[in-house]
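Please look over the sequence and the structure below before reading on. The paragraphs that follow then lead through them step by step.

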Amino acid sequence: MRGKVCVVTGATGGIGAATARGLAQRGATVLLVARDAVRGGALREEIARATGNERVHLFRADLSSRAQVRAVAREIAAAHPRVDVLVNNAGAYTFRRRESVDGVEMQWAVNHLAPFLLTRLLMEPLRAAGAARVIAVSSEAHRLARLPWGDMQQRRRYFGLRAYAVTKLANILFTRELARRTAGTGITASALHPGVVATEILLGGFPPLRLFRRFLRTHEQGASTPIFLASSPEAEGVTGKYWIDERPADPSPAALDDDAARRLWEWSEEMVG
Ligand SMILES: NC(=O)c1ccc[n+]([C@@H]2O[C@H](COP(=O)([O-])OP(=O)(O)OC[C@H]3O[C@@H](n4cnc5c(N)ncnc54)[C@H](OP(=O)(O)O)[C@@H]3O)[C@@H](O)[C@H]2O)c1
(Lines give C-alpha, C1' and ligand atoms only; values in the text may rest on other atoms or scores of the structure.)
Protein backbone atom coordinates (compact mmCIF):
# COMPACT_ATOMS: atom_id res chain seq x y z
CA MET A 1 0.00 0.00 0.00
CA ARG A 2 3.04 2.30 -0.11
CA GLY A 3 2.11 5.40 -2.09
CA LYS A 4 -1.64 4.91 -1.51
CA VAL A 5 -3.68 7.47 0.41
CA CYS A 6 -6.37 5.91 2.61
CA VAL A 7 -9.04 7.82 4.55
CA VAL A 8 -10.59 5.99 7.52
CA THR A 9 -13.52 7.55 9.38
CA GLY A 10 -14.38 6.61 12.95
CA ALA A 11 -10.71 5.93 13.46
CA THR A 12 -10.81 6.33 17.27
CA GLY A 13 -13.01 3.25 17.61
CA GLY A 14 -12.55 -0.51 17.44
CA ILE A 15 -12.79 -1.54 13.77
CA GLY A 16 -11.71 1.87 12.43
CA ALA A 17 -8.59 2.03 14.61
CA ALA A 18 -7.63 -1.54 13.70
CA THR A 19 -8.22 -0.81 9.99
CA ALA A 20 -6.09 2.34 10.15
CA ARG A 21 -3.32 0.45 11.97
CA GLY A 22 -3.43 -2.38 9.42
CA LEU A 23 -3.22 0.00 6.47
CA ALA A 24 -0.36 1.94 8.08
CA GLN A 25 1.42 -1.36 8.69
CA ARG A 26 1.13 -2.04 4.95
CA GLY A 27 2.85 1.27 4.21
CA ALA A 28 -0.15 3.43 3.22
CA THR A 29 -0.52 7.11 4.00
CA VAL A 30 -3.46 7.00 6.41
CA LEU A 31 -5.78 9.92 7.10
CA LEU A 32 -7.63 9.39 10.37
CA VAL A 33 -10.97 11.17 10.60
CA ALA A 34 -12.02 11.54 14.25
CA ARG A 35 -14.22 13.90 16.24
CA ASP A 36 -12.03 13.85 19.36
CA ALA A 37 -8.73 15.62 18.73
CA VAL A 38 -7.09 14.30 21.90
CA ARG A 39 -7.93 10.63 21.33
CA GLY A 40 -7.27 11.03 17.61
CA GLY A 41 -3.85 12.55 18.28
CA ALA A 42 -2.97 9.77 20.74
CA LEU A 43 -4.01 7.15 18.19
CA ARG A 44 -1.93 8.84 15.50
CA GLU A 45 1.13 8.69 17.77
CA GLU A 46 0.45 5.09 18.75
CA ILE A 47 0.06 3.93 15.12
CA ALA A 48 3.15 5.80 13.95
CA ARG A 49 5.21 4.32 16.81
CA ALA A 50 3.89 0.76 16.39
CA THR A 51 4.24 0.65 12.59
CA GLY A 52 7.24 2.95 12.06
CA ASN A 53 5.06 4.74 9.47
CA GLU A 54 5.01 8.51 10.04
CA ARG A 55 2.56 9.10 7.17
CA VAL A 56 -0.44 9.00 9.50
CA HIS A 57 -2.40 12.25 9.75
CA LEU A 58 -5.34 13.38 11.82
CA PHE A 59 -8.37 15.26 10.45
CA ARG A 60 -10.95 16.37 13.00
CA ALA A 61 -14.68 16.31 12.29
CA ASP A 62 -17.92 15.50 14.05
CA LEU A 63 -19.56 13.68 11.17
CA SER A 64 -23.07 14.31 12.49
CA SER A 65 -22.66 17.92 11.30
CA ARG A 66 -22.99 18.65 7.59
CA ALA A 67 -20.79 21.74 7.97
CA GLN A 68 -18.03 19.69 9.56
CA VAL A 69 -18.25 17.00 6.86
CA ARG A 70 -17.89 19.74 4.23
CA ALA A 71 -14.98 21.33 6.08
CA VAL A 72 -13.06 18.07 6.52
CA ALA A 73 -13.62 17.09 2.89
CA ARG A 74 -12.16 20.45 1.85
CA GLU A 75 -9.14 19.96 4.14
CA ILE A 76 -8.50 16.43 2.88
CA ALA A 77 -8.83 17.41 -0.79
CA ALA A 78 -6.55 20.42 -0.31
CA ALA A 79 -3.83 18.31 1.35
CA HIS A 80 -4.26 15.19 -0.81
CA PRO A 81 -5.35 15.73 -4.41
CA ARG A 82 -5.47 11.93 -4.78
CA VAL A 83 -7.37 9.58 -2.47
CA ASP A 84 -7.05 5.85 -3.24
CA VAL A 85 -9.24 4.42 -0.49
CA LEU A 86 -12.14 5.84 1.51
CA VAL A 87 -13.32 3.62 4.35
CA ASN A 88 -16.65 4.97 5.58
CA ASN A 89 -16.53 3.21 8.93
CA ALA A 90 -17.79 5.70 11.56
CA GLY A 91 -21.05 4.57 13.06
CA ALA A 92 -23.40 5.45 15.89
CA TYR A 93 -26.16 3.60 17.71
CA THR A 94 -28.69 5.59 19.70
CA PHE A 95 -31.26 3.77 21.80
CA ARG A 96 -33.40 6.91 22.19
CA ARG A 97 -34.18 9.19 19.26
CA ARG A 98 -31.72 12.08 19.02
CA GLU A 99 -31.19 14.74 16.39
CA SER A 100 -28.02 16.19 14.92
CA VAL A 101 -27.27 19.94 14.86
CA ASP A 102 -28.93 19.92 11.43
CA GLY A 103 -32.17 18.46 12.85
CA VAL A 104 -31.62 15.01 11.35
CA GLU A 105 -32.18 11.77 13.26
CA MET A 106 -28.69 10.98 14.59
CA GLN A 107 -28.16 7.52 13.08
CA TRP A 108 -29.19 8.77 9.63
CA ALA A 109 -26.81 11.70 10.06
CA VAL A 110 -23.72 9.71 11.11
CA ASN A 111 -24.24 6.30 9.50
CA HIS A 112 -25.58 7.24 6.08
CA LEU A 113 -25.74 10.95 5.27
CA ALA A 114 -22.16 11.67 6.44
CA PRO A 115 -20.59 8.95 4.26
CA PHE A 116 -22.89 9.94 1.38
CA LEU A 117 -21.78 13.59 1.59
CA LEU A 118 -18.11 12.84 2.28
CA THR A 119 -17.91 10.46 -0.68
CA ARG A 120 -19.59 12.95 -2.99
CA LEU A 121 -17.28 15.76 -1.85
CA LEU A 122 -14.16 13.61 -2.28
CA MET A 123 -15.14 12.50 -5.80
CA GLU A 124 -12.44 14.60 -7.44
CA PRO A 125 -9.51 13.13 -5.43
CA LEU A 126 -11.08 9.67 -5.78
CA ARG A 127 -11.28 10.06 -9.56
CA ALA A 128 -7.71 11.34 -9.61
CA ALA A 129 -6.52 8.07 -8.03
CA GLY A 130 -7.55 6.11 -11.13
CA ALA A 131 -8.80 3.00 -9.32
CA ALA A 132 -10.08 4.26 -6.00
CA ARG A 133 -11.99 2.04 -3.60
CA VAL A 134 -14.94 3.31 -1.54
CA ILE A 135 -15.80 0.96 1.32
CA ALA A 136 -18.88 1.08 3.55
CA VAL A 137 -18.90 -0.72 6.88
CA SER A 138 -22.48 -2.00 6.91
CA SER A 139 -23.90 -4.84 9.02
CA GLU A 140 -25.94 -8.00 8.88
CA ALA A 141 -28.42 -5.96 10.95
CA HIS A 142 -29.54 -4.53 7.57
CA ARG A 143 -31.67 -7.67 7.22
CA LEU A 144 -34.06 -6.33 9.88
CA ALA A 145 -34.91 -3.24 7.83
CA ARG A 146 -37.05 -1.76 5.10
CA LEU A 147 -36.70 1.91 4.19
CA PRO A 148 -39.47 3.75 6.09
CA TRP A 149 -40.46 6.02 3.19
CA GLY A 150 -43.52 7.50 4.90
CA ASP A 151 -41.51 8.54 7.97
CA MET A 152 -37.81 8.53 7.02
CA GLN A 153 -36.83 10.54 10.09
CA GLN A 154 -38.82 8.11 12.24
CA ARG A 155 -40.53 10.85 14.22
CA ARG A 156 -43.78 8.95 14.64
CA ARG A 157 -42.35 5.63 15.77
CA TYR A 158 -38.74 5.21 16.85
CA PHE A 159 -37.04 1.99 17.79
CA GLY A 160 -33.25 2.31 18.10
CA LEU A 161 -32.25 -1.02 16.63
CA ARG A 162 -34.64 -0.63 13.72
CA ALA A 163 -33.29 2.87 12.99
CA TYR A 164 -29.73 1.46 13.08
CA ALA A 165 -30.70 -1.40 10.74
CA VAL A 166 -32.29 1.08 8.30
CA THR A 167 -29.00 3.01 8.07
CA LYS A 168 -27.02 -0.21 7.54
CA LEU A 169 -29.44 -1.13 4.72
CA ALA A 170 -28.82 2.37 3.34
CA ASN A 171 -25.04 1.68 3.36
CA ILE A 172 -25.58 -1.22 0.94
CA LEU A 173 -28.09 0.62 -1.26
CA PHE A 174 -25.70 3.59 -1.43
CA THR A 175 -22.81 1.28 -2.36
CA ARG A 176 -24.80 -0.38 -5.16
CA GLU A 177 -26.02 2.95 -6.55
CA LEU A 178 -22.51 4.44 -6.31
CA ALA A 179 -21.19 1.42 -8.21
CA ARG A 180 -23.81 2.01 -10.91
CA ARG A 181 -23.02 5.72 -11.17
CA THR A 182 -19.23 5.24 -11.24
CA ALA A 183 -19.22 2.30 -13.67
CA GLY A 184 -16.36 2.69 -16.13
CA THR A 185 -14.51 5.31 -14.05
CA GLY A 186 -12.20 2.86 -12.27
CA ILE A 187 -13.77 3.68 -8.90
CA THR A 188 -15.19 0.66 -7.07
CA ALA A 189 -17.70 0.59 -4.22
CA SER A 190 -18.03 -2.20 -1.66
CA ALA A 191 -20.09 -2.78 1.47
CA LEU A 192 -19.25 -5.27 4.19
CA HIS A 193 -20.26 -6.89 7.44
CA PRO A 194 -17.27 -7.08 9.84
CA GLY A 195 -18.67 -9.88 12.03
CA VAL A 196 -19.91 -9.41 15.58
CA VAL A 197 -17.05 -7.46 17.12
CA ALA A 198 -16.41 -6.53 20.77
CA THR A 199 -16.49 -2.76 20.28
CA GLU A 200 -18.15 0.18 22.02
CA ILE A 201 -21.07 0.46 19.58
CA LEU A 202 -22.06 -3.14 20.33
CA LEU A 203 -21.20 -3.47 24.02
CA GLY A 204 -22.37 0.07 24.88
CA GLY A 205 -25.61 -0.43 22.93
CA PHE A 206 -26.32 -3.93 24.22
CA PRO A 207 -24.57 -4.22 27.65
CA PRO A 208 -25.61 -7.87 28.37
CA LEU A 209 -23.34 -8.87 25.47
CA ARG A 210 -20.36 -8.01 27.71
CA LEU A 211 -20.94 -11.40 29.35
CA PHE A 212 -20.26 -13.08 26.01
CA ARG A 213 -17.28 -10.91 25.12
CA ARG A 214 -14.90 -13.81 24.65
CA PHE A 215 -17.14 -15.25 21.93
CA LEU A 216 -17.07 -11.99 19.96
CA ARG A 217 -14.50 -11.01 17.36
CA THR A 218 -11.50 -8.88 18.25
CA HIS A 219 -11.09 -5.43 16.67
CA GLU A 220 -8.34 -6.86 14.44
CA GLN A 221 -10.61 -9.68 13.26
CA GLY A 222 -13.31 -7.08 12.54
CA ALA A 223 -10.83 -5.09 10.46
CA SER A 224 -9.83 -7.99 8.23
CA THR A 225 -12.52 -7.49 5.55
CA PRO A 226 -12.13 -3.66 5.38
CA ILE A 227 -8.34 -4.12 5.02
CA PHE A 228 -8.87 -6.85 2.42
CA LEU A 229 -11.21 -4.61 0.38
CA ALA A 230 -8.80 -1.67 0.68
CA SER A 231 -5.65 -3.52 -0.28
CA SER A 232 -6.20 -6.91 -1.87
CA PRO A 233 -5.55 -7.45 -5.61
CA GLU A 234 -8.48 -9.92 -5.52
CA ALA A 235 -10.89 -7.06 -4.79
CA GLU A 236 -9.53 -4.92 -7.62
CA GLY A 237 -12.16 -3.94 -10.16
CA VAL A 238 -14.96 -5.70 -8.24
CA THR A 239 -17.77 -3.25 -7.53
CA GLY A 240 -21.27 -3.07 -6.03
CA LYS A 241 -20.86 -6.16 -3.86
CA TYR A 242 -21.57 -6.94 -0.20
CA TRP A 243 -18.79 -8.83 1.56
CA ILE A 244 -18.49 -11.01 4.64
CA ASP A 245 -15.21 -12.63 5.72
CA GLU A 246 -13.41 -11.45 2.58
CA ARG A 247 -15.98 -13.12 0.30
CA PRO A 248 -18.96 -11.73 -1.62
CA ALA A 249 -22.27 -12.52 0.10
CA ASP A 250 -25.95 -12.06 -0.74
CA PRO A 251 -27.53 -9.12 1.08
CA SER A 252 -31.26 -9.02 1.85
CA PRO A 253 -33.76 -8.62 -1.02
CA ALA A 254 -34.43 -5.05 0.21
CA ALA A 255 -30.74 -4.25 -0.35
CA LEU A 256 -31.03 -5.42 -3.98
CA ASP A 257 -33.90 -3.05 -4.81
CA ASP A 258 -32.47 -0.76 -7.51
CA ASP A 259 -35.44 1.64 -7.43
CA ALA A 260 -35.03 2.07 -3.69
CA ALA A 261 -31.30 2.71 -4.21
CA ARG A 262 -32.05 5.49 -6.73
CA ARG A 263 -34.75 7.01 -4.57
CA LEU A 264 -32.51 6.92 -1.50
CA TRP A 265 -29.76 8.71 -3.46
CA GLU A 266 -32.20 11.51 -4.39
CA TRP A 267 -33.53 11.74 -0.83
CA SER A 268 -29.95 11.90 0.49
CA GLU A 269 -29.08 14.70 -1.94
CA GLU A 270 -32.02 16.72 -0.63
CA MET A 271 -31.08 15.98 2.98
CA VAL A 272 -27.47 17.14 2.61
CA GLY A 273 -28.43 20.14 0.54
N1 LIG B 1 -19.12 -4.06 16.37
C2 LIG B 1 -19.88 -4.81 15.61
O3 LIG B 1 -20.22 -5.95 15.94
C4 LIG B 1 -20.36 -4.30 14.27
C5 LIG B 1 -21.13 -5.15 13.47
C6 LIG B 1 -21.55 -4.69 12.24
C7 LIG B 1 -21.22 -3.42 11.82
N8 LIG B 1 -20.49 -2.59 12.62
C9 LIG B 1 -20.15 -1.26 12.11
O10 LIG B 1 -18.78 -1.05 12.26
C11 LIG B 1 -18.51 0.35 12.24
C12 LIG B 1 -17.47 0.69 13.29
O13 LIG B 1 -18.02 0.48 14.57
P14 LIG B 1 -17.24 -0.24 15.75
O15 LIG B 1 -17.89 -1.56 15.93
O16 LIG B 1 -15.79 -0.18 15.55
O17 LIG B 1 -17.72 0.66 16.98
P18 LIG B 1 -16.99 1.81 17.81
O19 LIG B 1 -15.77 1.27 18.47
O20 LIG B 1 -18.05 2.39 18.66
O21 LIG B 1 -16.51 2.84 16.70
C22 LIG B 1 -17.36 3.79 16.11
C23 LIG B 1 -16.51 4.93 15.60
O24 LIG B 1 -17.37 5.88 14.97
C25 LIG B 1 -17.06 7.13 15.52
N26 LIG B 1 -18.18 8.07 15.52
C27 LIG B 1 -19.41 7.90 16.06
N28 LIG B 1 -20.14 9.02 15.91
C29 LIG B 1 -19.34 9.93 15.28
C30 LIG B 1 -19.49 11.26 14.87
N31 LIG B 1 -20.63 11.95 15.09
N32 LIG B 1 -18.46 11.89 14.24
C33 LIG B 1 -17.30 11.24 14.03
N34 LIG B 1 -17.08 9.96 14.41
C35 LIG B 1 -18.09 9.32 15.03
C36 LIG B 1 -16.63 6.85 16.95
O37 LIG B 1 -15.96 7.98 17.47
P38 LIG B 1 -15.83 8.21 19.06
O39 LIG B 1 -14.69 7.32 19.48
O40 LIG B 1 -15.52 9.66 19.19
O41 LIG B 1 -17.14 7.82 19.66
C42 LIG B 1 -15.75 5.65 16.72
O43 LIG B 1 -14.48 6.05 16.26
C44 LIG B 1 -19.85 1.04 12.43
O45 LIG B 1 -20.29 1.58 11.21
C46 LIG B 1 -20.78 -0.10 12.85
O47 LIG B 1 -22.10 0.12 12.45
C48 LIG B 1 -20.05 -3.00 13.84
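Helices (H or I, at least four residues) and strands (E, at least two) are DSSP runs, numbered from the N terminus. This is a predicted model, in which local features need pLDDT of at least 70 and side-chain atom pairs count only at pLDDT 80 or more, while totals for chains, interfaces and linings use all residues. Residues are numbered from 1 along each chain as its sequence is written.

In a regular strand the side chains alternate between the two faces of the sheet. From E1, Val5, Val7 and Thr9 point one way and Cys6 and Val8 the other, and all are buried.

Strands count as paired if DSSP finds at least two bridges between them. E1 pairs with strand E2 (residues 29-34) in the parallel sense over five bridges, and valine 7 stands opposite leucine 31 in E2. E1 also runs parallel to strand E4 (residues 85-88), to which three bridges join it, and here valine 85 in E4 is the bridge partner of cysteine 6.

Turning to the ligand, 26 residues surround it, and the closest are Gly10, Gly13, Gly91, Ser139 and Thr199; a residue counts as near if its C-beta atom, placed from the backbone, lies within 6 Å. The elements that give two or more residues to this shell are H1 and helix H7 (200-205).

How values were computed. Buried ≥ 20, exposed ≤ 12 C-beta atoms within 10 Å, placed from the backbone.
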